[in-house]
Every structure is written in structure tokens, then in C-alpha cells.
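This briefing goes through one protein chain, starting with a single residue and then widening to the whole chain. Please look at the sequence and the structure before reading on.

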Amino acid sequence: MSRSFHISDVISVLSGRNLSSRGLDGVIDTLRYVTGADVQTVLLPEYFETAKAAILGQHPQLAGVDPRRLSGDNFEEWLEEQVVDFGETLELERFVSEVPKFG
């Protein structure tokens, strides 16, 4: 079973930066779905690493996404480039390995 996520949610998880059009809710929602864990914000780095590996395993074309040139002034343009390159949404599968135990 898979679920669609906006590219901004997916790139947020990959970059560790909140770039989601849904804000922190989009990031947490994506992390919860991919990891299968009840995400606690204090442990976000651990969840990011697990989810990043799972996402890149499913969508290796995203490995080259680089948000370093991103600024508040060019966010909309940069995000539109990502939509053109990868589509507005991506299907993600849950991480099928053992659910990580954090904390």
C-alpha cells in the first residue's frame, strides 16, 4: 500500500529542513507514514535518517535535490522547479523493515 505526498513534504524529510507547504504537520505526517512510528519532535533527526533512507530507496532520482540555494525570496520558484522535475506528488511506501525504536 502506498500514499501520495506533496513533493515539499518529501524534500523536507530528505533535507532535514521544513520546506513543506503544510508546515511541520506535513513533515510529521510524512515521517509517521514512512517510519510507522509515533513521531516525537524531540527525536526528529533519528526519524529523518530512517525515512530518508526509505524514500531514497524508493525514489533514487531525488538524491540530487539540493535546497542549499533556497532562500525566502526564491522559495516559490525553487519549489515549482521541483514540481516540474519530479511531479507535484510522490507515492511513498511504508518502511517495511522493523519499526525503529527511538528514545
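**Where Pro67 sits**

Pro67 is placed in the loop between H3 and H4. The model shown is a predicted one. Pro67 has a relative accessibility of 9% and counts as buried, because buried means under 20%.

**Pro67 and its surroundings**

- Apart from neighbours within four places in sequence, Pro67 is in contact with Ser15, Arg17, Leu19 and Trp78.
- Pro67 and Asp85 are 18 residues apart along the chain, and their C-alpha atoms are separated by 14 Å.

**The chain as a whole**

- The protein chain has 4 helices and 2 strands.
- Along the sequence these elements follow the pattern β-α-α-α-α-β.
- The radius of gyration of the protein chain is 13 Å, which agrees with the value near 13 Å for a compact globule of 103 residues.
- Along the principal axes, the C-alpha atoms of the protein chain fill a box of roughly 40 × 25 × 20 Å.
- Of contacts between residues at least 6 apart in sequence, 62% join residues at least 24 apart.

**Surface and charge**

- Of the 103 residues in the protein chain, 43% are buried.
- The protein chain exposes about 5,800 Å², and carbon and sulfur atoms supply 50% of this area.
- There are 9 positive and 17 negative side chains in the protein chain.
- The centres of the positive and negative sets lie 5 Å apart.

**Ser20, between H1 and H2**

- Ser20 is in the loop between helix H1 (7-15) and helix H2 (24-35).
- Is Ser20 buried or exposed? Ser20 is buried, because its relative accessible area is 9% and the cut-off for buried is under 20%.
- A polar atom of the Ser20 side chain lies 3.0 Å from the backbone nitrogen of Arg22.
- Not counting residues up to four places away in sequence, Ser20 touches Ser8, Asp9, Ser12, Gly26 and Val27.

**Lys52, in H3**

- Lys52 belongs to helix H3, which covers residues 44-58.
- The relative accessibility of Lys52 is 31%, so Lys52 counts as partly exposed; that class lies between the 20% and 50% cut-offs.
- Beyond its neighbours within four places in sequence, Lys52 is in contact with Val13 and Leu14.
- Lys52 and Asp25 are 27 residues apart along the chain, with 17 Å between their C-alpha atoms.

**His59, between H3 and H4**

- His59 lies in the loop between H3 and helix H4 (75-86).
- With a relative accessible area of 12%, His59 is buried.
- Which residue has its backbone oxygen 2.7 Å from a polar atom of the side chain of His59? That residue is Glu91.
- His59 touches Leu90, Glu91 and Leu92, when residues up to four places away in sequence are not counted.

**Phe86, in H4**

- Phe86 is found in helix H4.
- Setting aside neighbours within four places in sequence, Phe86 is in contact with Ile7, Gln61, Leu62 and Val65.
- Phe86 and Ile28 are 58 residues apart in sequence, and their C-alpha atoms are 21 Å apart in space.

Technical notes: Residues are numbered from 1 along each chain as its sequence is written. This is a predicted model: local features need pLDDT of at least 70, side-chain atom pairs count only at pLDDT 80 or more; totals for chains, interfaces and linings use all residues. Side-chain values use heavy atoms; hydrogens and water are left out. The radius of gyration is taken over C-alpha atoms; the globule rule is 2.2 Å times the number of residues to the power 0.38. Buried means under 20% relative accessible area, exposed over 50%, partly exposed in between (1.4 Å probe, protein chains only). Contact means heavy atoms within 4.5 Å. Accessible areas come from the Shrake-Rupley method with a 1.4 Å probe; for residues, only the protein chains shown count as cover. Lys and Arg count as positive and Asp and Glu as negative; His and the chain ends are not counted. The place of a charge is taken as NZ of Lys, CZ of Arg, CG of Asp or CD of Glu. A polar contact is a pair of N or O atoms within 3.5 Å; within protein, one must be able to donate a hydrogen and the other to accept it, and residues adjacent in sequence count only if both atoms are side-chain atoms.
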